[in-house]
There are 2 protein chains.
Amino acid sequence: MSPLDEPARVARLATLLDSDRDEWSTTLDNGALARLVAGVSARDDCAVISLPGVDLVVGSDYVRGAGFSMYEQGQMSFYDIGYYLVVANLSDVAAMGSRPTGVLVVIRYPQDLPDDAFDDVMRGADEAARRYGTRIIGGDSGTADQLYVSGTALGLSEPGTALMRSGARPGDHLFVSGETGIAEAARRYFEHVAAGGARLTADVEHTLGESWRRPRAEVDLGLQLAGSGVVTSCQDTSDGLKATVEQIAEASGVGFDVDAGNVRVSPLVDQVARVTGRSAEDLVFGGSVDFRLLFTVDGSTTTVADVQARFTDVMHLGSATVGGETRLVRHDGSTSPIPGVAWRHV
Amino acid sequence: MSPLDEPARVARLATLLDSDRDEWSTTLDNGALARLVAGVSARDDCAVISLPGVDLVVGSDYVRGAGFSMYEQGQMSFYDIGYYLVVANLSDVAAMGSRPTGVLVVIRYPQDLPDDAFDDVMRGADEAARRYGTRIIGGDSGTADQLYVSGTALGLSEPGTALMRSGARPGDHLFVSGETGIAEAARRYFEHVAAGGARLTADVEHTLGESWRRPRAEVDLGLQLAGSGVVTSCQDTSDGLKATVEQIAEASGVGFDVDAGNVRVSPLVDQVARVTGRSAEDLVFGGSVDFRLLFTVDGSTTTVADVQARFTDVMHLGSATVGGETRLVRHDGSTSPIPGVAWRHV
């Protein structure tokens, strides 16, 4: 049997660690109770542990992967890798609607990595943590056969307010916090240039590169969503838009109709699609690591206009349906599966 | 300039991330305050964050290293690697005297890793977490160029009771929770056998192998130490006994006189030293990853006999002195630096 691909393996994990055995709590001598609210079987962006007066969220992300293709193309420095590592981890906290409360970074490096390079990774990580109002609080460093960077981010929520993937109900409105596809467009563009392809302007190249050098975690929006009381599910788009829609659908037991006419395509994505001969739609929906928030809003109490008035710049994508099907609905009423690859294979 | 070795790089980290800027806190809308008590500059086994009614400790450990030499010698399975990963991470929680409250595991694997091998790593991790009364609550998995395993462990302490490295005072008694050197003896022994060296009995081989397959985190002892009110510092010996003594000395601003006559040498270590032509002392003090707890007890209120009555099987090593020197004091009164390498270079 060939090894399972990534989503299948993650699904398997939940079975292996047996969701029915997932209930767990412990009490300290002073009576403080810790209770696991969402563990592996929840398959959410972060685990959630209920503590006295607060919920702790915690997630780990390894980032060596597509990002490093940008490093190989000369588009990211060691500093940028450190920055990216922390944003990738904080994005999971943002997706829970939690307040960042510390980041741990694991940096293992080949023995010949210059001190400056190591320092740069750490400085970039430090800047990103501070940018989001938190700190690098620990981790692990040491040698390894290759550069390996991984992290863990902590966040705090008021009890019961952490945003899960599983709360969407039929009739809920589906939103994404901004345009997607830019990170993947950047990666494809610089590979195209490295292969001798035609170039776009220096301004466009700079903006594409910045999507990896200075990605953004939607921490403020996440906090607003959690505080709004009307958001029923949320997840970041670090696996790409298609995968994220499908994962919320699965976790919530709903389908989604995404209205193709609502999907705003960034001019950057359009230009890259044209010059590289790719489909803009594949970039927008595929495995682009844009760290946007995909979320649903209670359709029984809230209108699309309410949401757009309250959270500026969010993009209305469609709505949750009965059953598990996720579809792209085109202008003429025809439907298709959501385009793009469902997962980032790197 | 040649790259800094590991201890120098860790020291540099504390400077890079500037200890003076390390004060950090955040308040949720419901008034809950989170305050960083020990961050990177504390250079402790875990970071400590004060939360309402509890202190959260959290640390990350990457374990690909010496342990994998045991895998290559056929002494560890994938299951054992998962088990080891979790124990290594929980040992840091034990060293803080905290109650394990969840483990996250990052397992990145080459694309051709069989499903069974992946499952085995996870099952081993799961068993170890349950063995210590906690759960695998999350992490990250996916492909990479090689197998990388890393983890993060959480723990909870009653406020102000987490055991730090920095509290030892001159006159305090120095203890270690058991014999050291066994893990390193195991590694050296199986390398020696692989190179065609003479073998010990099957029973001895089994016990040596078990030190890697089923290592123990001293969680119960850590909780007892934290609850005793007389322990002034604590650290696990995952960097080896010499390094651990030196690190507590540095963090606390004291020296240590270790009485050579007090150091119990495991018969396993003796046998391996003999058959491999190594120094037993180097194995005992060097970079052996035994996950023991090294700790100091307030010498002004507590006698060595008190400690030995209270915590059975702990080994009295010596006492804290004024100034930063760490020495081995021999029977004839002569002194030397503590033998062994100060850090695990793998």
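Predicted model: local features only at pLDDT ≥ 70, side-chain atom pairs only at ≥ 80, totals over all residues.
Buried here means under 20% relative accessible area, exposed means over 50%, and partly exposed is whatever falls in between (1.4 Å probe, protein chains only). Residues are numbered from 1 along each chain as its sequence is written, chains are lettered from A in the order in which they are written, and side-chain values use heavy atoms, with hydrogens and water left out.

**Where chain A meets chain B**

- On each side, 80 residues are in contact: 80 of chain B with 80 of chain A (contact means heavy atoms within 4.5 Å).
- The two chains bury about 6,500 Å² between them, with 55% of that on carbon and sulfur atoms; buried area is the accessible area (1.4 Å probe) lost when two parts are put together, summed over both.
- There are zero salt bridges between chain B and chain A, but 19 residue pairs are in polar contact across the interface, both residues at pLDDT 80 or more.
- A polar contact is a pair of N or O atoms within 3.5 Å; within protein, one must be able to donate a hydrogen and the other to accept it, and residues adjacent in sequence count only if both atoms are side-chain atoms.
- Strand 6 (residues 136–143) of chain B supplies the largest share of the chain B side, eight residues. Helices (H or I, at least four residues) and strands (E, at least two) are DSSP runs, numbered from the N terminus.

**Aromatic rings**

- Searching the whole structure turns up 18 aromatic pairs over all chains. Rings of Phe, Tyr and Trp (its six-membered ring) pair if their centres lie within 6.5 Å; planes under 30 degrees apart are stacked, over 60 edge-to-face, and the rest tilted.
- A:Tyr84 and A:Trp212 are stacked because their planes are at 15°, with the ring centres 5.2 Å apart. A:Tyr84 sits in helix 3 (residues 78–95) and A:Trp212 in helix 6 (residues 202–213) of chain A, so the pair ties together parts 128 residues apart in sequence.
- B:Tyr71 and B:Phe78 make a tilted pair, 5.2 Å centre to centre with 50° between the planes. B:Tyr71 is partly exposed at 31%.
- One aromatic cluster brings together A:Tyr62, A:Tyr148, B:Tyr62 and B:Tyr148.

**Salt bridges**

- The whole structure holds 36 salt bridges over all chains, each a side-chain nitrogen of Lys or Arg within 4 Å of a carboxyl oxygen of Asp or Glu.
- A:Arg165 pairs with A:Asp44 at 3.7 Å, N to O, so this bridge ties together loops of chain A that are 121 residues apart in sequence. A:Arg165 is buried at 10%, and so is A:Asp44 at 13%.
- B:Arg123 and B:Asp120 bridge at 3.5 Å; both lie in helix 4 (residues 115–131) of chain B, three residues apart, about one turn of the helix.
- A network of salt bridges links A:Glu184, A:Arg187, A:Arg188 and A:Glu191.

**Positive phi values**

- A:Arg43 has a phi near 50°, positive in a residue other than glycine, and is partly exposed at 29%.
- A:Phe291 has a phi near 55°, but this residue is buried at 3%.
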